[in-house]
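Me: I've got a model open and I'd like to go through its labels one by one. Could you tell me what each one rests on?

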Amino acid sequence: MKRLFLTLLTLGTLLLARNDVPSCYKALQIENPNPAVEKELFILVDQTTPLDKNMMIYTYKNMMKFIKNGYAVTIASFSANAKGKYTDVPYSGSLEALLPESAKHEIAKKKLRKYQACMNGQYKYAKKKATKALVHTLKGANKKLPHSDILKSLDDIAEHIIKPSKAKEKVVLLVSDMMEHSSITTFYSKGSLRRIDTKKEMTKLQKSGYTADFDGARVYIIGAGMVGKNSYRDSKTLKALTSFWETYFKASNARLQAIGTPMLLEDVK
């Protein structure tokens, strides 16, 4: 069965449609009665926001809830096209839905055993590949990058990655300090997070043309307002930051479910 799965892996790399996890149904020529993806998690990692160990573990545990049959996970990194830190998708894969019990009676026992072994291998493969991609991406973050092009990056990712997804339900886990520093605007003043005027910043965004469409996704944010060990953000400044992003996602066909400043206090669902 290992040889079968490796063969699938080779064939999978040749497929034009992105799915890093090879199909057991195609390999065994079994009709998939439910090829749709029920729910997809998009983990978007801002390369200017290094997480501490607890937040990395939180991100990993929540990703693992989506490594299951009928679900998909996509991991993307972004920053400001500086020092090679351009937008990239190191992993995008879905696990196929299991056959209903009624359909199993229609399949020969020998083929059914191969199917069950292949589906077990599919889970292990997706878990290993997604974990490797997530760890590599999170550890690649660097606070010293000169710019943070969050607004343009989110517009690109929403258009080219999230909106084309056929998943019935879309969830975004955004790993970022959410502190824009680009040609569009900057949330900094004298090296610290400034008090943001949502109305003025939304006007700048609309003039830039980078108004995203998240196709109705629910959004969770971890790391918002995170600064260095010796910096401080008062509660009013964080509240203004939160208010801007609530308005932004509402205007971008998304719902901001929760924002962690920096730690999220609820699980991603």
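Predicted model: local features only at pLDDT ≥ 70, side-chain atom pairs only at ≥ 80, totals over all residues.

Me: Why is K104 called buried?

Reply: The label goes to residues under 20% relative accessible area. K104 has 18%, so it counts as buried.

Me: And what makes K104 and E101 a salt bridge?

Reply: The rule asks for a side-chain nitrogen of Lys or Arg within 4 Å of a carboxyl oxygen of Asp or Glu. The closest N and O atoms of K104 and E101 are 3.2 Å apart, so the pair passes. The two residues sit three apart in helix α4 (residues 101-104), and so they are separated by about one helical turn. E101 has a relative accessible area of 53%, and the cut-off for exposed is over 50%, so E101 is exposed.

Me: How many salt bridges does the structure hold?

Reply: Twelve. Another one of them joins the side chains of E201 and K204, at 3.4 Å from N to O. Both residues lie in helix α7 (residues 198-208), three residues apart, or about one turn of the helix.

Me: Now the cysteines. Why are C24 and C118 called a disulfide?

Reply: A disulfide is a covalent bond between the sulfur atoms of two cysteines. Here the call is made on distance: the sulfur atoms of C24 and C118 are 2.1 Å apart and the limit is 2.5 Å, so the pair counts. By this rule the count comes to one disulfide. The pair links distant parts of the chain, with C24 in helix α2 (residues 24-28) and C118 in helix α5, 94 residues apart.

Me: What makes the disulfide of C24 and C118 left-handed?

Reply: The torsion about the S-S bond is about -90°, so this disulfide is left-handed.

Me: Are C24 and C118 buried or exposed?

Reply: C24 has a relative accessible area of 0% and C118 has 1%. Both values are under 20%, so both cysteines are buried.

Me: Helix α5 comes up again with K114. What is the patch that K114 belongs to?

Reply: A patch of positive charge on the surface, where K109, K110, K111, R113 and K114 gather. K114 lies in helix α5, which covers residues 109-139.

Me: On to the backbone. What makes Q29 and M178 stand out?

Reply: Most residues other than glycine have a negative phi, and most peptide bonds are trans. Q29 is not a glycine, yet its phi is positive, about 55°. M178, also a residue other than glycine, has a positive phi near 60°. Q29 lies in the loop between α2 and β1 (39-46), and M178 in the loop between β4 (169-175) and β5 (188-189).

Me: What kind of peptide bond runs from T261 to P262?

Reply: A cis one, with omega near 10°. P262 is found in the segment after β8 (254-259).

Note on methods: Residues numbered from 1 in each chain as written. Heavy atoms only, no water. Patch = residues over 30% accessible without salt bridge, like charges linked within 9 Å, V, L, I, M, F, W, Y side chains within 5 Å. Areas by Shrake-Rupley, 256 points an atom, 1.4 Å probe, with all protein chains shown as cover. Lys, Arg positive; Asp, Glu negative; His and termini not counted. Charge placed at Lys NZ, Arg CZ, Asp CG, Glu CD. Helix = DSSP H or I, 4+ residues; strand = E, 2+ residues; numbered from the N terminus. Buried < 20%, exposed > 50% of the residue type's maximum accessible area, 1.4 Å probe, protein only.
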